[in-house]
Amino acid sequence: MKRGPKPRQITKELLEQIEHHAARGLSQKQICDALGFSETWWHAKKAEYSELGESYKKGSASGLADVTNALYENAMRWCSTKRYEFSR
């Protein structure tokens with residue numbers, strides 16, 4: 001019987017999990033820890049399968065866009081409230 005971890009398949013579900021964690025701001029190391037594989041495996045497979053890196057980048061960009069939009073909405077809400085108070 002072969003020793004070591006079982007081979008992990010690159011599935012759509014795994015790519016979605018990577019994207020989800022990246023959107024929440026996790027680093028690549030934190031994603032490895034959360035999903036239970038080593039950083040060595042991550043970097044080797046990322047070089048072999050471009051989909052892994054793309055999922056991480058897509059998730060990171062999505063998370064950044066969400067935060068940016070939320071900050072903008074809060075700023076605009078605050079500005080409209082203050083403008084109303086100043087115009088009285």
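Leaving aside neighbours within four places in sequence, I18 is in contact with I31, L35, W42, L52, S55 and Y56, where contact means heavy atoms within 4.5 Å. The structure is a predicted model, in which local features need pLDDT of at least 70 and side-chain atom pairs count only at pLDDT 80 or more, while totals for chains, interfaces and linings use all residues. Residues are numbered from 1 along each chain as its sequence is written, and side-chain values use heavy atoms, with hydrogens and water left out.

I18 belongs to helix α1, which covers residues 12-23; helices (H or I, at least four residues) are DSSP runs, numbered from the N terminus. With a relative accessible area of 0%, I18 is buried; buried means under 20% relative accessible area, exposed over 50%, and partly exposed in between, computed with a 1.4 Å probe on protein chains only. Although 38 residues separate I18 from Y56 in sequence, their C-alpha atoms lie 6.0 Å apart in space.

Both I18 and Y56 are members of the largest nonpolar core, whose twelve residues are L14, L15, I18, A22, I31, C32, L35, F37, W41, W42, L52 and Y56. Such a core is a set of buried Ala, Val, Leu, Ile, Met, Phe, Trp, Tyr and Cys residues joined through side-chain atoms within 4.5 Å. Two or more residues of this core are given by each of α1, α2 (28-35), α3 (39-48) and α4 (50-86), and the largest share, four residues, comes from α1. In soluble globular proteins, nonpolar side chains tend to be buried together. L15, another member of the core, touches I10, E51, L52 and S55 when residues up to four places away in sequence are not counted.

A search of the whole structure finds two salt bridges, a salt bridge being a side-chain nitrogen of Lys or Arg within 4 Å of a carboxyl oxygen of Asp or Glu.

| Salt bridge | N to O distance | Helix and spacing |
|---|---|---|
| D33 and K29 | 3.4 Å | α2, four residues apart |
| E48 and K45 | 3.5 Å | α3, three residues apart |

Because D33 and K29 are four residues apart in helix α2, about one helical turn separates them; the spacing of E48 and K45 in helix α3 is likewise about one turn. As for accessibility, D33 counts as exposed at 52%, K29 is partly exposed at 43%, and E48 counts as exposed at 51%.
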